[in-house]
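Colleague: Can we go through this assembly together? I would like to start with how the copies are related.

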Number of protein chains: 4
Amino acid sequence: MIKVGIVGGTGYTGVELLRLLAAHPQVQLTAITSRKEDGMPVADMFPSLRGHVSLAFSSPDKAKLNECDVVFFATPHGVAMAQAPELLKAGVKVIDLAADFRLKDVAAFEKWYGMPHSCPQILEEAVYGLPEINREAIKKARVIGLPGCYPTTMQLGFAPLLAQGKPLISETTLIADCKSGVSGAGRKAEIPTLLAEASDNFKAYGVKGHRHLPETMQGLEAISGRKVSLTFVPHLVPMIRGIHSTLYARILPEALSTDFQALYEKYYQGSKFVDVMPAGSHPETRSVRASNMLRIAVHRPAGEDLLVILVVEDNLVKGAAGQGVQCMNIMFGLDETTGLMHVPVLP
Amino acid sequence: MIKVGIVGGTGYTGVELLRLLAAHPQVQLTAITSRKEDGMPVADMFPSLRGHVSLAFSSPDKAKLNECDVVFFATPHGVAMAQAPELLKAGVKVIDLAADFRLKDVAAFEKWYGMPHSCPQILEEAVYGLPEINREAIKKARVIGLPGCYPTTMQLGFAPLLAQGKPLISETTLIADCKSGVSGAGRKAEIPTLLAEASDNFKAYGVKGHRHLPETMQGLEAISGRKVSLTFVPHLVPMIRGIHSTLYARILPEALSTDFQALYEKYYQGSKFVDVMPAGSHPETRSVRASNMLRIAVHRPAGEDLLVILVVEDNLVKGAAGQGVQCMNIMFGLDETTGLMHVPVLP
Amino acid sequence: MIKVGIVGGTGYTGVELLRLLAAHPQVQLTAITSRKEDGMPVADMFPSLRGHVSLAFSSPDKAKLNECDVVFFATPHGVAMAQAPELLKAGVKVIDLAADFRLKDVAAFEKWYGMPHSCPQILEEAVYGLPEINREAIKKARVIGLPGCYPTTMQLGFAPLLAQGKPLISETTLIADCKSGVSGAGRKAEIPTLLAEASDNFKAYGVKGHRHLPETMQGLEAISGRKVSLTFVPHLVPMIRGIHSTLYARILPEALSTDFQALYEKYYQGSKFVDVMPAGSHPETRSVRASNMLRIAVHRPAGEDLLVILVVEDNLVKGAAGQGVQCMNIMFGLDETTGLMHVPVLP
Amino acid sequence: MIKVGIVGGTGYTGVELLRLLAAHPQVQLTAITSRKEDGMPVADMFPSLRGHVSLAFSSPDKAKLNECDVVFFATPHGVAMAQAPELLKAGVKVIDLAADFRLKDVAAFEKWYGMPHSCPQILEEAVYGLPEINREAIKKARVIGLPGCYPTTMQLGFAPLLAQGKPLISETTLIADCKSGVSGAGRKAEIPTLLAEASDNFKAYGVKGHRHLPETMQGLEAISGRKVSLTFVPHLVPMIRGIHSTLYARILPEALSTDFQALYEKYYQGSKFVDVMPAGSHPETRSVRASNMLRIAVHRPAGEDLLVILVVEDNLVKGAAGQGVQCMNIMFGLDETTGLMHVPVLP
């Protein structure tokens, strides 16, 4: 059994980790920290966990976290990098759901997240936790920086196009028009995500610039080995879970005869959590609700030179907690799908 | 033109007042105060008002409010009673959307609202702003305490039964099972009313006791002139606007042959904002969305001795801002419906 | 492995059965019938099942159903009773999610469902599939009539009060104010349950009389052994899944000192799918979303003589498919919870 | 007073026309036809209209429609063209909310709508009812083909860029990623727009080709006088009303120094129903809910060469019924805003 600790279990990614780990056959939930809710049984805050999780929140207490095999950070940016050094010293692996170990460029991190990075050496060894791209590195990793929810869809959506030896598309005019449910904003008391504000409403936000842009560009360039340029426009959808990314890529004249459907199917044939749907499909976010699956459909409307790639995921599962568990499985030599084969909840 | 001031224009009842008053043919919006947003054009906070409201928020400034004919308080409890004395002295009428002038019993106010009442004399003269019950008193009032959103539905729903010379129903076993959209909780940054918490979800709350209970009991006893007892159970509905109250009353044996449909139609025949629907109707909250109408349907399932009264209103209009404008119309000798004849928005 | 057939797999209870059974460790999905979709892979209609269910719909074909150990009917009323006799003859057990085997009184069935009953003898032997009440009978049953979604909440909510040797409450003035998500209306193309009609809206329906009333009365009288009278008012909530029933019962004078919290806890101490929450709780429907759990909270506001019982369930799980699987587990000697311990999905 | 008839008053655009026209100071509602609901008071079907509309539906009866000054067709495609010739002969103006008079190219109409066009001569004289572009022609029109809901946003969003003497953007690589509430699908009993299907869900549809594409291309080419090419991807948002279109246009090298904010403000300075918001704005669909306003924000993220234009409208008002009333005002010499100055409903 893998002894697992969670730092910050009161947010949406925290409670989702609890949902997944409580039913994971190889996991023993060992500690959940919350400074504010010290002593409160987790199931008192989240009655959905009654009968499944008997732990109580405890104040951060390194001794106990040090006894874990792996610690997940479901915390605001900056917490994981403060605690990671000591955990690593104690032989505990670290999986961060925030941004501390995503951006390899320290200056970029400091610019976009507005804080200095406290452990650049650990950042250097950290592995970007996108198993479909980095599976081998994850196997040996001690520290994982999990991708953001949007970046997971954008990278997995564009990857097959960029991973080829020579460019198939105009790699510097990519567009990602992304739509997310409001749980992506976290469990924070803020007016714009109140039901009375966000329900029966739709809007774009952060058009000027969003933290997930540099992360995605870094990932795409790592895949292609070439310079990539992307315009990313996020939108808020009046639903709880789910991301739908609509990706646009202009096909290069010399690649117009490519069979893109086949290209995608081949690229993901070994990836159990990526489902390339039949040509012509329109994946719905609910088709992955509460599951770790990500679905992709490849379109080329009217035979034009524009590819339209549709990608859906559950932002709290494949976009966060589920991807974390997938990485954990890989790191500990389990089958990648252990504890993650939930049938999506529909309707 | 009536010069109108609004204290506290940044909440839902405030913006709803602005929507109604901006289009009111006899009103000149004169001042809107918000300490926090001093100087910000109202339409910057609420782009829906662009082109309709050119005022900016200003810090509370009595001089200007003193120049108004009437001031609405769309503020937390306690604000109106602090400012009312000076306004009244200056000849300005006061309409409070909060609870400062609802409960006639000072001790009850202090118990349920947890603060001392600063002007009991004004409380004494204040009129409870439910026009269908108190029209004559409202005409002459200087200070109005507007009913809460739930109490409006409960009082107008039970009133025809209680207003008769002798009891028709068991008046001490009334039940009100009420359901409200989340805008009733106000425009406050709180976790339980986030879309990710309240959407696709339903729950009761405040079953032990809710502030709208003593207010409603006071109103019902004023109508009947007899002791009334009521159990009130509020619930939260995943929608923005609307209250649906399902009221239960046990018919007394001697009143079993009463024609309750006729009783209701007669009681409300002069009330333009109360619509007694045909027997057998199931009013929907959307049928009054964004309008000042309240609809009632009278049921007596299976000919039993239990009356089931269904009542719907828009909590922000007939349950708050619209009722305030209705009172203002009456106080200033206008037709009661002036500026209030919006066709409900459906779908 | 239990060989399972499903008749009528294209509705919401059908796809929910598939979700539960696809992950059930002791089940082999053997046949799914749909006359209309003959030959279509189930996962083409419900992409959420891609990778989990490889079966295709087939036209009703008794040979194959006859090879099953148990057949679920997720069909309109009337289908199960037509096919049950032959299946039983072949030694196949039958679990009907519709109403064919709920009402013991044939005349009542024919009145409320508008069709003659084709096999009253089978109706006689059929067991009402509410395990918390009928566990022993279910063990030996060949035919199960599963409770309706509302009746499950009303019966489990009132049962502890009615199951005592002498009456504790006024058993002829019960009230059930119930609220359901729209999936309860089924996967049928009808205008009133369109998103544009039912969203941001709330209404009661069927106040005059609803088919779930006679079924519930029958169940309550079976529990108490005395005459019971109930007023049942259903409402439609703008959410997908979930039922919240608010039950009202008047305590008899001689029972005013009863400890009702203890009474409920004791009654359900052996029932793993009924969670009596701590006194003062307000259960939310999302706390049981996508799980077979039903939660109850007992309230007695202001120490009055009125009990308010709050009950939540997922109408598609404990109110339908999950309860069916629970019965199947019992019928086949498995642990009652096998394949049913899903952690509810929150948020 | 303008005598107005409506053919097909039972759908969403029909009831929205009724909402707007019932309160229009210069309109006398004269006839509403529905073959199926002959004799039923309109307010029985839509209780929101109780007290506002006293008309009953009547079977199509040309005599009465012939007495109108103008007839709106809120019908399926093909109805208006069948009845228009006789109405025009009788001197009645025609405003069609469907597609009969949108596409100038008869062959294109027949290809996309799958029916022959019965009156190509009338099609020739018909005016495309987009007042911000065609105001002068509308003044003199006898027949109006109102734009589709999506095309209104796409044309008004791209128009200022295309209306210049020389190209500023790459006019053959335009992208429109559009998101619509479900009322756009009409009041039709269909499974995909049930609340239980479409709520808490997001998807694209019609990526291969959508009828609004040829209409939009025709409009854009009319504006620019040059060939235009557009990729249009519509999506379904779990909300009732509202369209948010995110438009992408690549700036030509020679136009990189253009002040696009100023360009838009100038282009729309005389248009009261188009609001060019301050630079950096993110318009929300609710900011135009139930109003005829359309709002636009111009973005150029990171100073790149890609313009991102955000456009919102209420699909039932500016995207249908409101635009129809706006055209009627223009055709009858009224101020364009008569009866259309509703303050948007927020929250």
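**Copies and contacts**

Modeller: In this predicted model, chain A superposes on chain D by a rotation of 180 degrees with 0.0 Å of shift along its axis, at an RMSD of 0.0 Å (least squares on the C-alpha atoms of residues with pLDDT of at least 70 in both). That is the relation of a two-fold axis.

Colleague: Which C-alpha of chain A is nearest the axis?

Modeller: The C-alpha of A:Pro238, 3.2 Å from the axis.

Colleague: What about the surface through which the copies meet?

Modeller: The copies meet through the same surface, because 100% of the interface residues of chain A are also interface residues in chain D.

Colleague: Switching to chains B and A: how many residues are in contact?

Modeller: 20 residues of chain B contact 20 of chain A, with heavy atoms within 4.5 Å. About 1600 Å² is buried between them, 71% of that from carbon and sulfur atoms (accessible area, 1.4 Å probe, lost on being put together, summed over both).

Colleague: And how many salt bridges?

Modeller: 2 between chain B and chain A, counting a side-chain nitrogen of Lys or Arg within 4 Å of a carboxyl oxygen of Asp or Glu. One of them joins B:Glu197 to A:Arg187, 3.3 Å from N to O.

Colleague: Which helix gives the largest share of chain B's side?

Modeller: Helix H9 of chain B, residues 195-198, with 4 residues (a DSSP run of H or I, at least four residues, numbered from the N terminus).

Definitions and conventions: Residues numbered from 1 in each chain as written. Chains lettered and ligands numbered in written order. Predicted model: local features only at pLDDT ≥ 70, side-chain atom pairs only at ≥ 80, totals over all residues. Heavy atoms only, no water. Buried area = accessible area lost by both parts, 1.4 Å probe. Helix = DSSP H or I, 4+ residues; strand = E, 2+ residues; numbered from the N terminus.
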